[in-house]
Amino acid sequence: MRLNEDLTEAIALGHDLGHTPFGHAGERALNELNPDGFHHYEQSLRVVDILEKDGKGLDLTEEVRDGILKHTNMIADTKEGYVVRFADVIAYINHDIDDSVRAGIMTEEDIPKNITKVLGGSKSKRITTLVTSLIKGGAENLHMDDEVSDAYTALHRFMFDFVYTNPKCKSEEVKAKDMIAKLYDYYVHHIEKLPAFYMNLAYQFGIDRAICDYISGMTDGFAIETFKNLFIPLGWTKY
């Protein structure tokens, strides 16, 4: 597409640095808990601007910063930002399908035939179709052809109906949000238990922002382990 590859890669590397444990469920939890709200794309920019390099931040160009901030639902100032946005939606829906298959929520065969006929019946085929269509559109257009775009929209609608609103998925989301709410409340009342770096952030930016900085930087595993250490009696963990 003859775009700036370094710029595209830099945006891609930074676009999800602000994502929470448990994905969008964690993001929704922090958005509800923090009086100022929480969005992972804003947090990603905060990570590179302020939190990286022990609070010194990174010296990034405005084009990189813009692409990071606007990769989800805003109009990017560069075509490279648009490429990352397309890459993001292509990646996440295929990851979600993989996760749903592994969890036993669906199988590849559950995807309607009118979708697989266009996009293909496997992850690699879907990604190839979606990426190829975008490339064929060229840098001037930056969109997929109508048939592929319509099939992607249908796939997203299928995932929403079949997976994202599935009672099994929603019940796990409730667990994740409850866990994050407990962690958040604990640190609100025990601010001294935050690591020193985040304690300093609390003095600079307020307690709620510092707690969001800390929790959003956790992996799923670290959040679960922290929860166990704080709320589950040590003698019970072996049971």
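**Exercise 1.** Which element gives the largest share of the lining of the largest pocket?

*Solution.* Note that the model is predicted.
- Step 1: start with the space. The largest pocket holds about 1,600 Å³.
- Step 2: look at the lining. It has 46 residues, and those closest to the pocket centre are Gly23, His24, Tyr92, Asp96 and Tyr164.
- Step 3: list the elements that give two or more residues to this lining. They are α2 (23-33), α3 (40-55), α5 (79-102), α8 (146-164), α9 (167-189) and α12 (220-231).
- Step 4: pick the top contributor. With 11 residues, α5 provides the largest share of the lining.

**Exercise 2.** Divide the lining of the largest pocket by residue class.

*Solution.* 
- Step 1: count the nonpolar residues. There are 18.
- Step 2: count the rest. The lining has 15 polar and 13 charged residues.

**Exercise 3.** Describe the second largest pocket: its space, its lining and the main contributor.

*Solution.* 
- Step 1: the space comes to about 220 Å³.
- Step 2: collect the lining. Met1, Leu3, Asn4, Glu5, Thr8, Val83, Phe86, Ala87, Ile90, Val131, Leu134 and Ile135 form it.
- Step 3: assign elements. Two or more lining residues come from each of α1 (5-14), α5 and α7 (123-141).
- Step 4: find the largest share. It belongs to α5, with four residues.
- Step 5: sort by class. Nine lining residues are nonpolar, two are polar and one is charged.

Definitions and conventions: Residues numbered from 1 in each chain as written. Predicted model: local features only at pLDDT ≥ 70, side-chain atom pairs only at ≥ 80, totals over all residues. Heavy atoms only, no water. 1 Å grid on protein atoms, 1.4 Å probe; cavity = no way out; pocket = protein on both sides within 12 Å on 5 of 7 lines; lining within 4 Å. Points joined across faces, edges and corners; volume = space filled by probe spheres on them. Nonpolar A, V, L, I, M, F, W, Y, C, P; charged D, E, K, R; others polar.
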